[in-house]
Amino acid sequence: MIADRINAGLRRVPPWSLYVAGALWAAWLFFIGVTNPPTPEPINWLEREYGNLALKLLVVGLAVTPLRRHLRINLMPFRRAIGVTAFFFVLAHFLVFAILDVQSVARVWTEIVKRPYVTVGMASFLLLIPLGATSNNASIRRIGAATWRKLHKLVYPAAILAAIHYLWLSKGFQIEPLVYLALILALLTFRLPWKRLRPAT
Amino acid sequence: MAHRWKNDLTHADVTPKSAFFNRRQIMAGAAGLGVASIAGGVSAQAALVPNSFEDITSYNNYYEFGTGKSDPVDNAHQLQIEPWSITVDGLVDNPGTYSLAQFMSGLTVEERIYRFRCVEAWSMVVPWNGVELADILTRAGVQSGARYVAFETVVQPDNMIGVQRGVLDFPYVEGLRLDEAMHPLTLMATGLYGQPMPKQNGAPIRLVVPWKYGFKSIKSIVRITLTETEPPTTWSGINSREYGFYSNVNPTVDHPRWSQATEREIGGGLFASRRDTLMFNGYNEVAPLYAGMDLSVNF
């Protein structure tokens with residue numbers, strides 16, 4: 001079975017390697033942005049690189065459960081690392097926006113209040129903060145597994161808001177943000193309690 | 001008539017040719033050799049002179065070739081510019097279709113170093129080469145009923161990936177009020193840095209209206225039409241709340257999705273600071289064109 005072989009391969013990868021890879025990649029992008037950016041406007045470029053990667057990781061994170069349930073591919077051991085790495089890229093995205101792009105606290109606030117796409121992005125970020133903060137065994141023990149699971153369902157609205165944020169900041173009709181939104185909605189659709197929606201026979 | 005307008009940007013604001021072609025190679029070479037003094041010298045020059053040929057030709061909006069900033073430089077080589085013809089029609093005494101050479105004959109190409117402010121809140125300084133639109137319109141013989149000038153960009157579906165994808169309703173169209181079009185600042189540019197216009201910048205001929213947001217400066221023009229009524233323009237057609245017909249650079253009227261109070265100068269690197277955006281992009285001599293108009297309504 002392909003799934004078994006994939007799972008066997010995945011077992012050889014330690015989940016912490018994802019944190020290392022994420023940190024190295026973020027640092028590498030920053031280094032490229034400083035030394036030899038692929039565009040004359042590296043601020044916007046770095047902001048988008050971090051944001052885009054965060055969105056990708058959110059999609060992968062949301063795919064973990066459907067992949068296991070429907071294709072029996074087990075990414076469960078990586079789920080926390082995927083989520084936490086996504087959170088750190090959102091944080092990096094926000095820091096580039098605030099410090100390098102907008103460059104003042106007052107303007108950051110104005111942007112959040114006045115620009116709907118920033119408001120939406122910020123809302124997504126805020127929803128992810130408690131998830132990032134409780135992504136450790138001690139927190140799960142302290143608040144209880146059931147509450148923890150409920151709390152971490154916040155990633156659903158956060159992911160939708162992130163996709164809307166991307167869609168909203170794009171000019172004209174662009175495919176990529178729509179693809180992300182569609183993927184996220186599709187992955188969330190897998191989680192709907194379909195059986196309960198069926199009429200009783 | 002050439003030389004009606006005098007510049008406050010000088011050649012000191014332009015990267016010298018020797019530096020602009022190879023700034024990256026020079027810096028890479030200097031870094032490789034570990035010659036700090038050379039690198040320091042080059043970056044000091046870069047601080048003085050914001051925009052290199054490379055910046056101007058690799059960071060573009062030209063949606064016919066894709067929506068990304070580097071799509072035009074990657075894809076615009078497909079643009080066919082030979083032969084090129086331009087139709088001048090509408091309310092003119094001498095309508096006709098001209099080859100580019102016919103169109104330019106008898107006109108004096110001059111250099112104009114203009115600030116260029118994009119609606120997306122970034123800016124550049126570009127040394128354009130071109131002729132005043134006024135000279136072209138005068139030659140065409142503007143009739144008394146004409147009040148606006150409409151412009152149209154070429155559509156070459158086979159060569160334009162953005163047209164194939166339908167990112168906008170092409171052809172791209174723009175327009176100016178006749179007095180704006182006749183203003184000595186308004187340029188029909190055929191080159192930059194003394195080179196023929198690069199394709200990604202709107203070869204072979206484009207409009208440059210330096211006191212308006214960049215999208216007004218329509219590229220690769222094939223038609224100029226004098227009209228009595230305000231012509232449709234692409235972006236205001238897509239979203240009239242975000243993009244008005246006038247689209248003058250105005251730090252006090254925000255784009256609904258972002259502030260226009262400040263701008264980032266392209267080429268300043270990852271730690272570039274923002275600067276305040278100037279009314280009419282600093283070209284206050286156009287203010288009389290809008291006397292008595294509420295520019296927050298006519299944005």
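Among contacts in chain A between residues at least 6 apart in sequence, 68% link residues at least 24 apart; two residues count as in contact if their C-beta atoms, placed from the backbone, lie within 7 Å. The model is a predicted one, in which local features need pLDDT of at least 70 and side-chain atom pairs count only at pLDDT 80 or more, while totals for chains, interfaces and linings use all residues. Residues are numbered from 1 along each chain as its sequence is written, and chains are lettered from A and ligands numbered from 1 in the order in which they are written.

Chain A contains 11 helices and 0 strands, where helices (H or I, at least four residues) and strands (E, at least two) are DSSP runs numbered from the N terminus. With 201 residues, a compact globule would have a radius of gyration near 17 Å, and the 18 Å of chain A agrees with this; the radius is taken over C-alpha atoms, and the globule rule is 2.2 Å times the number of residues to the power 0.38. Along the principal axes, the C-alpha atoms of chain A fill a box of roughly 55 × 40 × 40 Å.

Turning to chain B, 5 strands form an open sheet with mixed pairing, in the order 2-1-10-5-6; two strands pair if DSSP finds at least two bridges between them. At the edges lie strand 2 (96-99) and strand 6 (173-177) of chain B, each pairing on one side only. Within this sheet, strand 5 (residues 148-153) and strand 10 (residues 221-227) of chain B run antiparallel and are joined by 6 bridges. Ala150(B) has Thr225(B) in strand 10 as its bridge partner.
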